[in-house]
Structure formats: structure tokens, C-alpha cells
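Hi,

Here is the structure I promised to pass on.

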Amino acid sequence: MQMESEHRVPSRHSIDQQGEPDDRPLLKPEPELDSKTLEPQAKILESSQSIEEMEKKYAAYVRHDVYGKMGRGKLSLTQKFLLVPGLVVLVPIRVVAGVTILVSYYVICRVCTAFLPPNREREQEDYAHMGGWRRSVIVRTGRFLSRALLFVFGFFRIAETRSSSNEEGQLNNETVSSDQSEKLENPGAIISNHVSYIDILYHMSLSFPSFVAKRSVAKLPLVGLISKCLGCVYVQRELKSSDFKGVSGVVNERIREAHQNKFAPKMMLFPEGTTTNGDYLLPFKTGAFLAKTPVLPVIIRYPYQRFSPAWDSISGFVNHIEVKRLPVYHPSEQEKEDPKLYAANVRKLMAHEGNLILLDIGLAEKRVYHAALNGNISMRTVLHQKDD
């Protein structure tokens, strides 16, 4: 999708005055929604807005492939005929192959962590900080099997490009000496737009970073141990805000550690806080930028003809992924003191480089749109649905 002609990327030291980005930290719990919050949003469903009008307002969540809205569109006889081989042949093969790869990696993780106590810090538990042959095996096999899983899902080739400089023709915002350059080029966090669960597999296959995940993930069969080997930081939405500050502190410490030590696992963060259809970039939350360290922006797109990998990647014969890796972004002193400014400038840079459209909506609007498609007119129910 082409970016609107009037869209321009302003100076990296300025904030768009017309629409300030969401300054809520990434790990901050969503506050209880009172009547003042519910009332204006309830008018959205109570009004006579048509689905077409809502699609313009919530364009980042609209599905455009042959499945149609919410995957419930009517398929032509030709599309149904093409879908049958995928459902009968591809889906069973990919499910079996995917489970085989998952179980195989679980066994590898189990062997490598045998008789080894996990690292425990602030109610977190992980194996990402172990060294020697154990860590080497986990990382190398994890990257290889992640790429194998992408291959199983039809991503036979990944088109990667690298941008040599930002829009100002500079690699960073700071003047540094030669002995500092190597350290500065080591980002503490990887920042990416979020389109599909495939995003996670791609980043695992490339750099095997740590993610922020729900605490319940740690208890899942197979996946729980793998997430601990990744070094995931677990967060629980039901906890009090003081506990969230503790989790945010762990994330910031991990980001700073990765910046100081190139052998430490990097943090992988999706600052939008939810997924889109891949054509838009939502406001960034500031949790990824509180550590004041450089970040590595990565832009992911999924070109498609019939089925969009943003929703479905298991029934298409061949899927495509395009990745653009930008230079490490070094914050200025002003950006270090203002995470909101830092987040806004990185977002605008990514939108410019990735030809993405900036749209100032968030998860609440996504729930409203999906509720409207489902015929749900209860706003209280809509706003209290669990996240994706």
C-alpha cells in the first residue's frame, strides 16, 4: 500500500504536534476503564456507523485477502477448488512437521538444562544466561529449527535488505570516538512492527532474542521450557502496578546488559502492543525506550496474492516475507531524557523507511472493530476482552 503523499518524516528531534503517540510503558497494565472512558467509546457502536465507515477509521485492522472480513468472506468456486489441496495435504503435513520440530527442540532444551538451576530474578526464571556448550547448542539449534519451521510453513526464501543510513544521511545522533564505536553499534533491543506470529519465528531464526510474554506461557507444555531458554521476561496483567514496575525494571536491565555485552541475549520488543495488517504503524509505547540505549529497528512485510500471512500461513503453498533492517538508532541526549520523543522519532523513521502509514489508534479500537464485525453491541464486553 502506498504511503499518503502528504506524509513526511519530520526532524528526529521533534514530535508531531497533531497526534502525540501513546506514552504508556510497554509493560504498564491497562487501567480499569471507568464510565468516563466507556461513554465516548460506546458511542462508536451506538452510532449509525457502517462497517465501511469503520474500516476507514480502523484501517490497520482490516483484512484484504480472499478470505474477506474476519476470514468469513464468500469464496468463489475457483478459490474453493484451490483451497482443497491445501487443507487435505498441506495442513496435515505442516502440523505434523511443526509438532515434530517443536518436540525435537524441547528435547534439546531439556538435555541442555538438565541438572542446571535456572536464573531467578524478581520472580523471573530463565536459562538464557548460562554459558559454554549448553548456551551454544540452544542458540544454534534454536535458530536452525526456527528457520526450518518457516520453511515448513512455506517461507522458502526471506528477502532481506539493509538501509545504510537514516533520512538525515547519518548512522547515529552522537559524535563518538573510534574506541566507542563498537560498543555503540551494539543495540540493547530490537524494535519491530508486529503483523503475525511469524514475526517471532523470523527473529528467532536470525538473532534468537528474548521476548516479553504472558506469565502463563511459562507453564505451557513444551513451549514453557523453550521460552525460558529464550530468556523471556514474563508479565501478568492482573498484578498490581508496583509489580509491573519490577518487571519493567528487569526489561530495562536486560536491555542495558545487551548493550554493554554483545554476548548477552538481546530483547525483542513490539512497541505497538498489538498486530496490524502490515500496512500501518500504530503509536509506540515507551517501555522499549526507557533504558536510553540504542535500538535496532526492523520492518517486516508479507506480500501476498490470495492469503495474507497476517492471518493465515498454513494453507498457502508458498508464502513470502520481506525484511528491512535499518541502522542502529542512537538516541540524542534529548531523546534519552524523553522516552516519548525517542519512541516517536523511531516510529517515524520506520514508517518512512518501510513505506508504512502512521495511524494513531490502538488495541481498544481493534476490539471495537472486531466486536462490530461480530455483531457485539456490548461495549463493556468488548473492552474487557483478553488481548490477542
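Predicted model: local features only at pLDDT ≥ 70, side-chain atom pairs only at ≥ 80, totals over all residues.

Let me start with the helices. Helix α3 covers residues 77-112 and helix α7 covers residues 223-230; their axes come within 9 Å and cross at roughly 60°. The two helices are therefore oblique to each other, and their crossing is left-handed. On the α3 side, the residues that meet α7 are Leu 102, Tyr 105, Tyr 106, Cys 109 and Arg 110. Their counterparts in α7 are Val 223, Leu 225, Ile 226 and Cys 229. Sorted by class, this contact has eight nonpolar residues, one charged residue and no polar ones.

Now to the sheet. Seven strands make up an open sheet with mixed pairing, and their order is β3-β10-β9-β4-β7-β5-β6. The edges are taken by β3 (158-162) and β6 (233-235); each has a single partner strand, so one side of each is left without a neighbour in the sheet. On average, neighbouring strands are turned by 30° against each other, with direction ignored.

Within this sheet, β4 (residues 189-192) and β9 (residues 295-301) run parallel and are joined by four bridges. Ile 191 has Pro 297 in β9 as its bridge partner. Helix α10 (residues 339-354) packs on the sheet, where it touches β4, β9 and β10 (321-325). The direction of α10 makes about 40° with that of β9.

I look forward to your thoughts.

Best wishes

Notes: Residues numbered from 1 in each chain as written. Heavy atoms only, no water. Axes fitted to C-alpha atoms, helices over the stretch in contact; angles between N-to-C directions. Parallel < 35°, antiparallel > 145°, perpendicular 65-115°, else oblique. Left-handed = near helix turned anticlockwise from the far one by under 90°. Contact = heavy atoms within 4.5 Å. Nonpolar A, V, L, I, M, F, W, Y, C, P; charged D, E, K, R; others polar. Pairing = 2+ DSSP bridges.
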